[in-house]
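I opened my notebook next to the viewer today. Here is what I looked up, entry by entry.

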Amino acid sequence: MKLKYNITLKILIFVQLFFIFSCKTNKVPKNGHLFISSKFNYIDKKGKPYLDEYGRPFLDKKEKEILNEYKHPFVDELVDYVKPKPNTHQFFVIPLGLWLYDLSNPKFDSIYSEYYKVAQKQRNQKLLDSLYIKYNQGNYVGKPRWFDRFFYNNGEPPVLVDSIISKASARNLQQYFRNRGWRKATINDSILASGKKAKVQYNIKLGRPMIIDTIIYDIADEISDRLYSNYTRRNQANAKTSGSRILTKEEYMAGFLSRGSLIKKGDRLDAYVIGNEVTRLEDRFKNMGYFRFNDLKDEVIFYVDTTSNAYNIPVRLSIEKSKLISSDVDLSDPNKKDTLNPKFKRYKYNRINLTLEDSENKNGEKYPIRSGFYTTDKKVVRIKDGKKIREIVKDTIAYVVNQTGKKYKNRVLVNMLAIKKGDTYRLNAETQTRRNIYKVNNFNIQVFTTEAEKNSDSISVIDGIQTPKKESDSTLVTDIKLTPMPKYSYELSFEAFNSSVANFGITPNVKFTTKNLFGGAENLNISFGGALGNIESKKNSNAFFNASELSAKVSLSFPELLMPFNIGKLMPKAWGPSSAISVGYNAQYNIGLDKRSYNAGFLYNFTPTRTTIHQITLWDLQYAQFLNPGNYFSVYEKDREIKDYVLKEYLLMFPGVETELNQGLITEEDLLFRIQEDFLFRDYMESVDQGKILEAYDLMEFRRYRFTQNVLISSFKYDFTYDERLSNFPGRHPFYLRVQMELAGNVFSLLNKTLDDFTTSNSKTIKQIFGIPYSQFVKFDFDIRKFWSLSSKKSLNARLFAGIGIPYGNSFSMPFDRSYSVGGPSDIRAWRTFGFGPGSSDLGGKEGYELGAIDNFKLLSSVEYRFPLSGSFEGALFADAGNIWGTKKDSPDKFEFNTFYKELGIGGGGGVRWNISNFIIRFDLAYKFHDPRREEKDRWYFKYINPLKPQINFAIDYPF
């Protein structure tokens, strides 16, 4: 105990000395101070009343005091508006640049400063000698002083406090808060010095914010009339039958503009939010065909009236046509300079030019250029002589110039388009087209422009009278130029991992891609992966790498839905439909059972909107084969002890069976099966109070079957994802939902009458195909996430996962690969993978029992608070809770509503994330808080926590 105390004391002394000297420098001027940080002090206190200039509280309409709702608004954004910035720190605390600069001799600072201002080619000893002489250091002529110059050049000069800069920063903050809605905000700066170091404190008094009192809509008649007439035409028939009231024009427009609006009555008047609302309105009207809407940012204007009231502000939204100069007017011609575009116009695509340039050709081959209008058949209904006649006509999509000849089919190029000739302009359709092009992963976009056709929106002069052209004449030309990506590419990746099975492991992977395999932008992907690791195993325990894995996968993707019939009318091209066929192989050599898996699949994928993704796996086939099932009892020693005890009791009761076993007339496997069926023996064990041993034996056989039985899985999957973060305007607190459903074995079950019986190791009779039992189950996963944005850089994130697998028909248990476990870097981080469960069972975590922690039902919840640290680093505090349970009535760890909360594994901790161009490297330290494996009265783990022994997790990307 004394030794531990001394070590802790020494660590604390070292840390204190480190912080004392971490910002020490000898190069701060005599009257200067090293700038440490900016401090923001909010004078207004949350929950206190706002006071006027005479110190009296503001009252609302009910004569109640108006209280401050804000604690430290936007505090993490303020550092971006102040200067200077402190010296950079490596690992958040080490000012390495400052230390290096401090190591150089200060009397040479002026010499080095002038020396390094010169171009690198001109820096030489002659220049250095001339500077020595210039600054009266002639005795150093001829001396390069390489190390000293290295420290100076690679170091960082101390950042000094400057009162002029801090006052300018205070003005910046004052303007920032006024834009945010605090009209009378005042910011005062002060320098807090301590020795040679100082901080700048900004005292922030915001006062009462401006609140949006009313929102008035003033919309140009040419827009409001059109929208209202469309509304009345759609609803008149319904109003007559239902008796509902038709809204007035003003009511309808107010509802139309407020729906989805980012500004609402009662909100703080925030210029940044108003700017986002203007952008949202631009997108909305451009998706209605108004191509030129607000191009010069003077058609959508929010007018704010502060004359009558300084705090309750009426806001007027005005949408009026600006005097835009027509795109086809020659501004150098004074006679045409006044030709204007006075109306809001809706545009249609008149021509779409799609060009595929042959930039990939390296051998100088010239392919014949295939060009022309691409058309498809379109069904139309015409009225002729009072009768409806259905006809098929040619529908023009685009004008295609294919410089690669037949290398790429024109159909593939056109299928990526979410726009076509004759369509009304929609901004989202062009965004969907770009997304489809990127999704096909065969082309680079060189040009994607849309412009009004010449003379399509200008004013005509007829008989000397200026007349705007008809709206139907307002047309667009879109030019899209693509180049093929290289036909062949490869990717290399390398990761390290650890789990409760593997102490350490490495996974190298390589992926080869061949694009446009058959001329239809098909991509062939071939990947090879592997793993080498070290595990606690009785097999090859002396070898450092005593576990390995090898995997291979081949997949072929198509930029369309592969179906025996045409469903183009049901699946719009804007959804970016695609198909994929894959086959794979995996071999694992680890704890002694060893396993091979063969799989094949066929799936569809489509994205109707930016926020939704649908994936349908029509067929997912997997065959799992255990190579050494006879090694089970060598791996799981606790189960071997149960087996040996029951076997001993059975042989004592039936000694003749031992003779058969010794003579090889029966195998141990046959004997274990006989024990399952021998009710005489089981009744005897019950009579001598050995019933619990039999229960343990049955569970052991259940686990042995689950971990060693070859199994065939043929399933259908549907996966739906909704992610508000992908929206153009995701809102402040986006939501995420993923739902997955899997149905397995139903097709095979139709053949049951023709299939042979299969008897499992625990005396169950099921059906088999080619000697392999097939699995039959239904599985549902629900993953719900919510992201609360506390500010631009801080967020509170929560996740709730629930999953259940229900075996039925030909299965009495879920396959191992479809079962649930807990623990790991993206699960309950205080435990390693397969770390505990099911329920309060002590299977997980014991030697030889790591893989026992699986079952059919799982609950998981996580909460994580993320905050900025420094530069590209981010910190996190988190808590996780969850477990797995059985679902059957005879499950020993069955989920129960009245007790499940007592069996939750709860852990938490903190971590650091390093964001490298949106590539997140994550490092977490976690501790157990509540361990369901312990006795119920002793499950809270706080008194057992050792701060120096956390569970370390290293992973890529956020946990959720």
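**Entry 1: a helix with a hidden side.** Which residues of helix H5 (residues 146–154) are buried? I found Asp-148, Arg-149 and Tyr-152. Buried here means under 20% relative accessible area, exposed means over 50%, and partly exposed is in between, with a 1.4 Å probe and protein chains only. I looked down the axis of H5: its buried residues fall within an arc of 95°, so they line one face of the helix. That arc is taken from the directions that run from the helix axis to the C-beta atoms. I then asked what these buried residues pack against, and the partners are helix H2 (96–103), helix H3 (109–115) and helix H4 (125–134). Contact means heavy atoms within 4.5 Å.

**Entry 2: ground rules.** I noted that this is a predicted model, where local features need pLDDT of at least 70 and side-chain atom pairs count only at pLDDT 80 or more, while totals for chains, interfaces and linings use all residues. Residues are numbered from 1 along each chain as its sequence is written, and side-chain values use heavy atoms, with hydrogens and water left out.

**Entry 3: the whole chain.** I counted secondary structure and got 18 helices and 34 strands. Helices (H or I, at least four residues) and strands (E, at least two) are DSSP runs, numbered from the N terminus. Of the 960 residues in the chain, 43% are buried. I also checked contacts between residues at least 6 apart in sequence: 65% of them join residues at least 24 apart.

**Entry 4: a three-stranded sheet.** I traced an open sheet with the order E1-E3-E2 and mixed pairing. Its edge strands are E1 (34–42) and E2 (186–194), each pairing on one side only. From one strand to the next, the twist averages 20°. Two strands pair if DSSP finds at least two bridges between them. How many bridges join E1 to strand E3 (residues 197–205)? There are seven, and the two strands run parallel. Tyr-42 stands opposite Ile-204 in E3. Helix H6 (residues 163–180) lies across E1, E2 and E3, and runs at about 145° to E2. For such angles, axes are lines fitted to C-alpha atoms (for helices over the stretch in contact), and the values run from 0 to 180 degrees between N-to-C directions.

**Entry 5: a hairpin.** I followed strand E10 (residues 370–384) into strand E11 (residues 387–402), and 15 bridges join this antiparallel pair. Ser-371 stands opposite Val-401 in E11. The hairpin has two residues between its strands, and Asp-385 in the turn has a positive phi of about 55°.

Entry 6: My reminder to myself: most residues other than glycine have a negative phi, and most peptide bonds are trans. The bond from Lys-83 to Pro-84 is cis, with omega near 0°, and Pro-84 is in the loop between E1 and H2. Glu-63 is found in the loop between E1 and H2 too. Its phi is near 65°, a positive value in a residue other than glycine, and Glu-63 is exposed at 58% relative accessible area. A cis bond also runs from Gly-837 to Pro-838, with omega near -5°. Phe-770 has a positive phi of about 55° although it is not a glycine. Is Phe-770 buried or exposed? At 83% relative accessibility, Phe-770 counts as exposed. I located Phe-770 in the loop between strand E26 (765–769) and strand E27 (772–773).

**Entry 7: one residue up close.** I picked Ile-301, which sits in strand E5 (residues 300–304). Ile-301 counts as partly exposed, at 29% relative accessibility. Leaving aside neighbours within four places in sequence, Ile-301 is in contact with Arg-316, Leu-317 and Ser-318. Ile-301 and Gly-275 are 26 residues apart in sequence and 9.8 Å apart in space, C-alpha to C-alpha.
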